[in-house]
Amino acid sequence: MADADIKKGLVGVVVDVTAISKVNPETNSLLYRGYPVQELADTQSFEAVAHLLWSGELPTADELAGLRAEERRYRALDPEVRAAIDLLPLDAHPMDEARTAVSVIGARSLAGSGSVLDASGTPEENRARSIELFAALPAIVAYGQRRRRHEELVEPRDDLDYAANFLWMVFGREPAEVEVDAFNRSMILYAEHSFNASTFTARVITSTLSDLYSAVTGAIGALKGPLHGGANEAVMHILDEIGSAERVESWLDEALAEKRKIMGFGHRVYKNGDSRVPTMQAALDRLVEHYDRSDVGDLAAALEREFVERKGIYPNLDYPSGPAYHLLGFDTVTFTPLFIAARITGWTAHIMEQAEANALIRPLSDYNGPDERHIEG
Ligand SMILES: CC(=O)SCCNC(=O)CCNC(=O)[C@H](O)C(C)(C)COP(=O)(O)OP(=O)(O)OC[C@H]1O[C@@H](n2cnc3c(N)ncnc32)[C@H](O)[C@@H]1OP(=O)(O)O
Ligand SMILES: O=C([O-])CC(=O)C(=O)O
């Protein structure tokens, strides 16, 4: 096979169809089930967007109320999940914590379901499993941050919707409107992005007729890497390392001389800017104003200006999200678990779509090892 025929990293390869989202780098747009993501972020709750991704349509008032009631049923941290998290060292990465928690929920949910032949589930079962994970993840993420800070678990509040309750469980105080708005927007923007690495991982696992929990666990592993979801954490490490807007130029001289990747910039599909960045940047700007933290806004703006000018590579969603989560009060290691809480919607929509029209995903490789040889003697 000629080298030119090998699509390393599957660059440019279209492997299947999807009706869930459309990423269009030419028009710099992102549609969820046909709706521009900016419009959804401006007008919808994350719960409504979850319904849209799963079912194909925005919910009616009754459907939204039904989903919200269902979500409230699974909000509290399950004591057995808590016990499993407590077995992990305090300095375990929260991505590992979340991966373990999903694995525990899956093992318990599937216990007694019989052989591997029964695990993949009916569409109805998978929809119920998706809602349960969507509802359970905030408490897992919140408990992780609180236990690392040696703080008590905060019980959920039924009078708050998803985004406000999530912030409540993490910080134990009622969030301001501007905080809820920024957080809700970030969840919507992070919810779905076609065949990205973690979603593709989930689809590969689903394609073997494995179960939804295994697919999500694998997807979390793929998301953790800094070339993908881990970049929102990595952005904050970089901003911390630079320290202030005045240091950007000298820091960048050195980083580029060392051929370092500057996290939060670049994208496999978008080459002229990420469609989600302006909406998240506007939310970050409002947080900067709310907390009176122009130092954070100025530093992020200075690095963006300088890097884009020198390299012509634009920020991706992780770039404004990192400092926004920082200002909201999240620990840097908690940023990528927030991405899980959002992307659980997209992952599970893709798992159900893959299961509905399945073909085992199994590409070919070109062998470049030793020629055939035999053991001597
Ligand atoms: C929500 C998300 O998951 S968005 C992605 C989050 N990831 C990051 O922010 C990590 C930093 N960015 C990157 O590593 C890359 O831009 C990726 C992995 C996202 C996309 O990568 P690819 O499409 O494979 O492009 P690739 O990495 O080959 O980059 C092309 C060129 O641009 C350079 N480049 C791309 N991104 C960056 C960056 N962030 N910093 C420095 N150089 C970069 C590469 O070094 C390469 O240069 P070369 O041609 O001289 O070798
Ligand atoms: O699409 C990608 O490759 C990565 C990304 O932006 C996402 O998953 O949100």
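Two strands pair if DSSP finds at least two bridges between them. Strands (E, at least two residues) and helices (H or I, at least four) are DSSP runs, numbered from the N terminus. Keep both rules in mind for this predicted model, where local features need pLDDT of at least 70, side-chain atom pairs count only at pLDDT 80 or more, and totals for chains, interfaces and linings use all residues. Residues are numbered from 1 along each chain as its sequence is written, while chains are lettered from A and ligands numbered from 1 in the order in which they are written.

Start with the strands. An open sheet of three strands runs in the order E1-E2-E3, with antiparallel pairing. E1 and E3 are the edge strands, since each pairs on one side only. Strand E1 (residues 21–24) is joined to E2 by four bridges. Across this pair, Lys22 stands opposite Leu31, and Val23 stands opposite Leu30. E1 and E2 make a hairpin with four residues between them. In that turn, Asn28 has a positive phi of about 50°.

Two bridges join E2 to strand E3 (residues 35–36), and the two run antiparallel. Here Tyr32 has Tyr35 as its bridge partner. This hairpin has two residues between its strands, and Arg33 in the turn has a positive phi of about 50°.

Next, look at helix H7. A residue is buried if 20 or more other C-beta atoms lie within 10 Å of its own, exposed if 12 or fewer, and partly exposed in between, with C-beta atoms placed from the backbone. Eight of the 10 residues of H7 (residues 162–171) are buried, so the helix is largely enclosed by the rest of the structure. Among them are Tyr162, Phe166 and Trp168. Their cover includes helix H2 (46–55), helix H3 (61–73), helix H6 (123–148) and H8. Just after H7, Gly172 takes a positive phi of about 65°.

Two other helices pack together. H5 (residues 94–110) and H16 meet at an angle of about 35°, with their axes 8 Å apart. Axes are lines fitted to C-alpha atoms, for helices over the stretch in contact, and angles run from 0 to 180 degrees between N-to-C directions. Two residues are in contact if their C-beta atoms, placed from the backbone, lie within 7 Å. H5 brings Pro94, Met95 and Ala98, and H16 brings Thr336, Pro337 and Ile340.

Step back to the whole chain. Its domain assignment, which is automatic or from a database, gives domain 1 (35–224 + 334–356) and domain 2 (231–328). Their C-alpha centres lie 26 Å apart. The contact takes 16 residues from domain 1 and 17 residues from domain 2. On the domain 1 side, helix H1 (37–43), helix H8 (177–190) and helix H16 (335–356) each supply at least two residues. H8 gives the largest share, eight residues.

Finally, find ligand 2. The residues around ligand 2 are His193, Asn196, His228, His267, Arg268, Val269, Asn316 and Leu317. Each counts as near if its C-beta atom, placed from the backbone, lies within 6 Å of the molecule.
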